[in-house]
Amino acid sequence: MIKYLGSKRRLVPVLGDLASAAGAATALDLFTGTTRVAQEFKRRGVETTATDIARYSEIFARCYIETDASEVNKDDLKEALTRLSGLPGEAGYFTETFCVESRFFQPFNGERIDAIRNAIGADYRDSPLYPLLLTSLIEAADRVDSTTGVQMAYVKAWAPRSSNPLELRVPELFVGCGAAVRGDARDLVGTLGDFDLAYLDPPYNQHRYFTNYHIWETLVKWDKPEVYGVACKRVDCRDYHSPFNSRREIRPALEQVVASLRVSHLLVSFSNEGYISREEMETLLRRHGEVRVIAVDSKRYVGAQIGIYNPQGKKVGRVGHLRNTEYLYLVSRDGLALPRAGMR
Ligand SMILES: C[S@@+](CC[C@H](N)C(=O)[O-])C[C@H]1O[C@@H](n2cnc3c(N)ncnc32)[C@H](O)[C@@H]1O
């Protein structure tokens, strides 16, 4: 799984326990990101739909959620990964943009990423293996990047892991069916049908996923876009807008999403550092059922841990606080009570 801001690693077992205890047979993970939570639902036998606006999330969801492990030819998958792993590197757009113009990856790995991505597009575009191979490539690239976890900047000296050779691994798949859909949560939510349980984990402040993970977007779209700035961001990053990154727009956007959901149980994650306070969130959700809150103390992302540097590598900011609180809101509709849960 890739490094991802706001990824719910610690909360996953709690969310899984809640889904099981609620007896959910179907679930919706509307801001699925890495698909970590959707994977946990699927692993527990829940038929899950995973949606997000990001192209890379759609690829992860097609791989981990939509693909039924029992229908994958494991020999074909291993053979394809072995073949792709053996391709000689070829310097192209990726190497030039992310290893020469910027320094997100070492060139010897960038050249292999170029060659493998070209081959996936040319030879597997219409194959059921396509999302599996692309997921394997993104996750392999993430293990050898030279960042602190977001792609707004790369670190000054090569990160030690960036010297490791790119290694394609077989994605760990689960048996069962599910669905992957890409789109804006506000447009999708009314079109997806009924679910026993929905999990909402929207962005909670100005940090935009599209720009923080622009390289994965480009690796999936493979449109070789014009880029700008030190971090070589896609030019369309300039136009990207999500209401969930706006202090003014997030509340009406979330209200619209929650009101359009057709579910019995709703779980919402939100940070105490977000644009909606705990009191406001409770008021918003109470219109839809009884609300309970679990507060989880968690470590802030690594950028907050190491401080702020200017492009010359000089420390310019102070390290602020290192911990925040993640709230998990449990909402039960139709008078059904969600079971009590504790952190492990
Ligand atoms: C906090 S992250 C979700 C992390 C996820 N739960 C995980 O564990 O990996 C928020 C997600 O919302 C997505 N997003 C942002 N704006 C969106 C929108 N308007 N509609 C749908 N998804 C959106 C981002 O791409 C990002 O993946």
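The side chain of Ser 136 comes within 2.7 Å of the backbone oxygen of Arg 169. That is a polar contact (a pair of N or O atoms within 3.5 Å; within protein, one must be able to donate a hydrogen and the other to accept it, and residues adjacent in sequence count only if both atoms are side-chain atoms). The model is predicted: local features need pLDDT of at least 70, side-chain atom pairs count only at pLDDT 80 or more, and totals for chains, interfaces and linings use all residues. Residues are numbered from 1 along each chain as its sequence is written, and side-chain values use heavy atoms, leaving out hydrogens and water.

Ser 136 sits in helix α7, residues 130-143. Its relative accessible area is 2%, so Ser 136 is buried (under 20%; exposed is over 50%, partly exposed in between; 1.4 Å probe, protein chains only). Beyond its neighbours within four places in sequence, Ser 136 is in contact with Leu 81, Leu 168, Arg 169 and Pro 171. Contact means heavy atoms within 4.5 Å.

Now turn to the sheet. Seven strands form an open sheet, ordered β3-β2-β1-β4-β7-β9-β8, with mixed pairing. Helices (H or I, at least four residues) and strands (E, at least two) are DSSP runs, numbered from the N terminus. Two strands pair if DSSP finds at least two bridges between them. At the edges are β3 (178-182) and β8 (290-299), each pairing on one side only.

Look at one pair. Strand β2 (residues 47-52) runs parallel to β3, with five bridges. Thr 48 has Gly 178 in β3 as its bridge partner.
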